[in-house]
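Here is a short briefing for a first look. Please keep the sequence and the model side by side as you read.

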Amino acid sequence: MFDRFSRSWQLVKASGSVLMQDKELLLFPLLSSVAAFAVVLCFALPMIGMVALDGISHSKISGLGMYIMGFLFYVTQYFVIFFFNAALVGAAMIRLDGGNPTLSDGMKIAMSRWTSILGYAAIAATVGLILRVLQERAGWLGKIVLGLIGMAWTVATYRVVPVLVSRNVGPIQAVEESASLLKQAWGENIIGQAGIGVAFAAIHAVVIGFGIVLILVAAVTKSTVTIVTAVVIAVVLFIAASLIQAALSGIYAAALYRYAEGKQQTNGFDSTALANAFAPAR
């Protein structure tokens with residue numbers, strides 16, 4: 001287990017090195033966040049309007065209508081997330097091949113796979129909606145079991161986006177290949193992403209703590225400009241940490257998949273560290 005942690009962190013640090021070479025990779029998670037927020041607004045505002053009208057007319061939105069709306073929201077939101085993730089992974093693979101990717105390069109790669117990305121978004125939305133409906137009807141034990149199933153689905157589909165970017169396959173084939181590749185380096189998939197998550201959870205906690213202190217100090221001055229500035233600084237730092245986390249996750253996934261594909265030389269990564277990622281745990 002300790003070997004796996006060590007091997008995973010080597011790859012995470014290498015991902016950070018790649019990100020330092022191509023800071024424009026941060027633009028992909030930024031655009032994804034903006035687009036995802038726009039999707040939320042597009043669905044939330046009409047729903048708020050319907051609820052307001054419902055209060056006036058005393059009519060009710062049917063349960064089926066809510067499920068349809070929920071499914072469409074899931075599909076749209078997942079498509080946005082997967083699309084920009086595909087753009088990030090595509091650009092990262094260009095860098096790992098020794099190239100110098102641009103924002104346009106990543107977007108072109110994602111656009112060339114948009115139908116498969118949409119198909120995968122529909123599959124993920126279906127799974128997500130089914131699990132949510134079952135959780136609403138399950139007891140506490142059932143909720144735990146369904147939560148574990150959801151986690152297993154997330155882990156098994158971790159490499160779907162790299163597969164879609166690298167190969168001209170459909171979403172179902174991509175899910176099958178992702179699950180198959182999981183067997184080769186399951187420890188690095190789980191531990192590496194968990195390591196990134198834990199590290200950035202700590203960073204977020206520090207940023208939030210720093211932000212609170214900064215805002216409290218600013219509040220003492222009783223200056224509106226100072227307080228607003230402190231809030232903006234805290235928010236920017238939190239967003240920056242989130243963007244870096246998302247970019248590192250994409251680079252990490254791209255590097256592991258690229259090696260699994262048989263490409264031994266990966267720019268920015270130690271070939272020995274990648275080989276060890278696929279070695280049996282000791």
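**Salt bridges and overall picture**

Arg-167 and Glu-177 join their side chains in a salt bridge, with 2.0 Å from N to O. Arg-167 sits in the loop between H7 and H8 and Glu-177 in helix H8, so the pair ties together parts that are 10 residues apart in sequence. The model is predicted. The protein chain has 11 helices and zero strands.

**The chain as a whole**

- Along the sequence, the pattern of the protein chain reads α-α-α-α-α-α-α-α-α-α-α.
- The protein chain has 282 residues, and 37% of them count as buried.
- Among contacts in the protein chain with a separation of 6 or more, 76% come from residues 24 or more positions apart.
- The protein chain exposes about 14,900 Å². Carbon and sulfur atoms supply 73% of that area.

**Charged pairs**

- How many salt bridges does the structure hold? There are two.
- Side chains of opposite charge can pair when their charged atoms come close.
- One of the salt bridges joins Asp-22 and Arg-95. Their closest N and O atoms are 2.2 Å apart.
- This pair links distant parts of the chain, 73 residues apart. Asp-22 is in the loop between H1 and H2, and Arg-95 is in helix H3.
- Is Asp-22 buried or exposed? Asp-22 has a relative accessible area of 0%, so Asp-22 is buried.
- Arg-95 has a relative accessible area of 11%, under the 20% limit, so Arg-95 is buried too.
- Arg-167, from the other salt bridge, is partly exposed at a relative accessible area of 35%.

**Around Asn-100**

- Where is Asn-100? Asn-100 is placed in the loop between H3 and helix H4 (103-112).
- Asn-100 is exposed, as its relative accessible area is 55%.
- Asn-100 and Asp-22 are 78 residues apart in sequence. In space they are 7.8 Å apart, C-alpha to C-alpha.
- Which residues does Asn-100 contact, leaving aside its neighbours within four places in sequence? They are Asp-22, Glu-24, Ile-94, Arg-95 and Asp-105.
- That list includes Asp-22 and Arg-95, the two partners of a salt bridge.

**Aromatic pairs**

- Rings pair if their centres lie within 6.5 Å. By this rule there are seven aromatic pairs.
- Phe-73 and Tyr-74 have ring centres 6.4 Å apart and planes at 50°, so this pair is tilted.
- Phe-73 is partly exposed, with a relative accessible area of 26%. Tyr-74 is buried, at 17%.
- Phe-82 and Tyr-120 form a stacked pair. Their ring centres are 4.4 Å apart, with 25° between the planes.
- Why does the Phe-82 and Tyr-120 pair tie together parts that are 38 residues apart in sequence? Phe-82 lies in helix H3 (residues 63-96), whereas Tyr-120 lies in helix H5 (residues 114-137).
- Phe-82 and Tyr-120 are both buried.
- Ring pairs join Phe-43, Phe-73, Tyr-74, Tyr-78, Phe-82 and Tyr-120 into a cluster.

**The largest nonpolar core**

- In soluble globular proteins, nonpolar side chains tend to be buried together.
- Here the largest nonpolar core has 47 residues.
- Which of its members touch the most other members? They are Leu-25, Phe-82, Leu-164, Ile-251 and Phe-269.
- Several helices each supply at least two residues of this core, among them helix H1 (2-21), helix H2 (27-57), helix H7 (160-166), helix H8 (171-182) and helix H10 (224-260).
- H3 gives the most, with 12 residues.
- Leaving aside neighbours within four places in sequence, Leu-164 contacts residues including Arg-113, Ser-116, Ile-117 and Tyr-120. Val-169, Gly-170, Pro-171 and Ala-174 are also contacts of Leu-164.

- Trp-140, Leu-141, Ile-144, Val-145, Leu-148, Ile-149 and Met-151 make a nonpolar surface patch of about 760 Å².
- Ile-144 belongs to helix H6 (residues 140-156).
- Ile-144 is partly exposed, with a relative accessible area of 44%.

Note on methods: Residues are numbered from 1 along each chain as its sequence is written. This is a predicted model: local features need pLDDT of at least 70, side-chain atom pairs count only at pLDDT 80 or more; totals for chains, interfaces and linings use all residues. Side-chain values use heavy atoms; hydrogens and water are left out. Rings of Phe, Tyr and Trp (its six-membered ring) pair if their centres lie within 6.5 Å; planes under 30 degrees apart count as stacked, over 60 as edge-to-face and the rest as tilted. Buried means under 20% relative accessible area, exposed over 50%, partly exposed in between (1.4 Å probe, protein chains only). Helices (H or I, at least four residues) and strands (E, at least two) are DSSP runs, numbered from the N terminus. A nonpolar core is a set of buried Ala, Val, Leu, Ile, Met, Phe, Trp, Tyr and Cys residues joined through side-chain atoms within 4.5 Å. Contact means heavy atoms within 4.5 Å. A salt bridge is a side-chain nitrogen of Lys or Arg within 4 Å of a carboxyl oxygen of Asp or Glu. Patches are made of residues with over 30% relative accessible area and no salt bridge: like charges are joined within 9 Å, nonpolar side chains (Val, Leu, Ile, Met, Phe, Trp, Tyr) within 5 Å. Accessible areas come from the Shrake-Rupley method with a 1.4 Å probe; for residues, only the protein chains shown count as cover.
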